[in-house]
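Trainee: Could you take me through one part of this model at close range? I'd like to see how it sits among its neighbours.

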Amino acid sequence: MKQHLILLAALLILTACAPKSQPAAITTATATPVTASMTPAVPSAPMPTLPARGAANPSPTPPATATNGTFARQYLQAIVGEIGRREPGTKEERLTAQYIQDMFKAFGYAPTTQKFSVYDKEAGQDFNSSNVIAVKAGLSDKVIVVGAHYDSPYEDGSKGADDNASGVAVMLEVAKLVKALETPYTIQFIAFGAEEFNLNGSTYFVDNLATTERKNIVGMFNLDSLIASDKSYIYGNAGPGTMRDWVIKAAARRKMALESKTAQEMNNADGSPCECADYDAFERAGIPYAYFEATNWDLSADGMTQVDVRYGDQGKIRHTKYDTLAYIEATFPNRIDQHLNLFVTLLFDLLTQY
Ligand SMILES: [Zn+2]
């Protein structure tokens, strides 16, 4: 208990410190796009349902991006370094939920938690978990959900750095960056609990949407396992006007190295949906989605081999003891920061420019 309190105190200090250590340049850079060289060569096509742009955000010039990922790195360090393993239903999972809630509050949001309980058949009892939700009002009350699970896998030794403190860290930084900006859509940032136990948090969230709420969601961006692998991907339905298409255009505008797979390519060999991440429940409910992940589909047919087989457990980082910040950083120097920069920049663009 005492240890618990010390950890909590350390977290609160971190929470209190994080906003203060914010380099002033970031706020300036995001609020006032400057460099002419950042003007995209090819303007992206707007989404069909794009609400009118307001006066507060009149320029199509994307903001500078060099510092993007700096805050995400701090949040990643806090979750993985201070808390570490956080399996569904554990006090560490609850501590992580509290940390995320505290960060949302520090950014100026009024977060809510959605509690749920899960029956663990093997243990013969229920455990509790929760989703943490922060809402950013937009020009339109149509909603875009940005989701990332904050629990970590059960495998021994995994600290869940890649899977999925990375997704949470990117979500938190973007939530911070967009708070004072005008966004076309209302954004619901959701940190899902108990993903590693049958995708419980996201399923509970979608199952409890009223019909009007479900219909009001334009789409869902899922962030899961973003920092360990060679390549960055976007998954989703094929074709013009889909969320996947929207992301591909935004990445091209930045000349980012982002590869893609269609929902069909993600399916199991027998054509059934993969049921492997938090977007599943949204897809089943008929909500469009786009799913960000870093892996390497050149290395295996199922996309599960993330890096060269000489590294990790036969090329796998997530769900292994190699999913720690220390291993990823030592094995692939600079990769973590590069990936955080790419995903923060891309998600920021998607939420502010479209
Ligand atoms: Zn995951």
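How many of the seven residues of strand E5 (residues 217-223) are buried?

Mentor: Happy to! Two notes come before the answer. This is a predicted model, in which local features need pLDDT of at least 70, side-chain atom pairs count only at pLDDT 80 or more, and totals for chains, interfaces and linings use all residues. Residues are numbered from 1 along each chain as its sequence is written.

Now to your strand: six of the seven residues of E5 are buried, so E5 is largely enclosed by the rest of the structure. Buried means that 20 or more other C-beta atoms lie within 10 Å of a residue's own; exposed means 12 or fewer, partly exposed is in between, and C-beta atoms are placed from the backbone. Strands (E, at least two residues) and helices (H or I, at least four) are DSSP runs, numbered from the N terminus.

Next, the partners of E5. Strands pair if DSSP finds at least two bridges between them. Strand E3 (residues 143-149) pairs with E5 in the parallel sense over five bridges, and here Ile144 stands opposite Gly219. E5 also runs parallel to strand E8 (residues 289-295), joined by four bridges, with Phe221 opposite Ala290.

Ser225 is not a glycine, yet its phi is positive, near 65°. Most residues other than glycine have a negative phi. Ser225 is also buried, because 26 other C-beta atoms lie within 10 Å.
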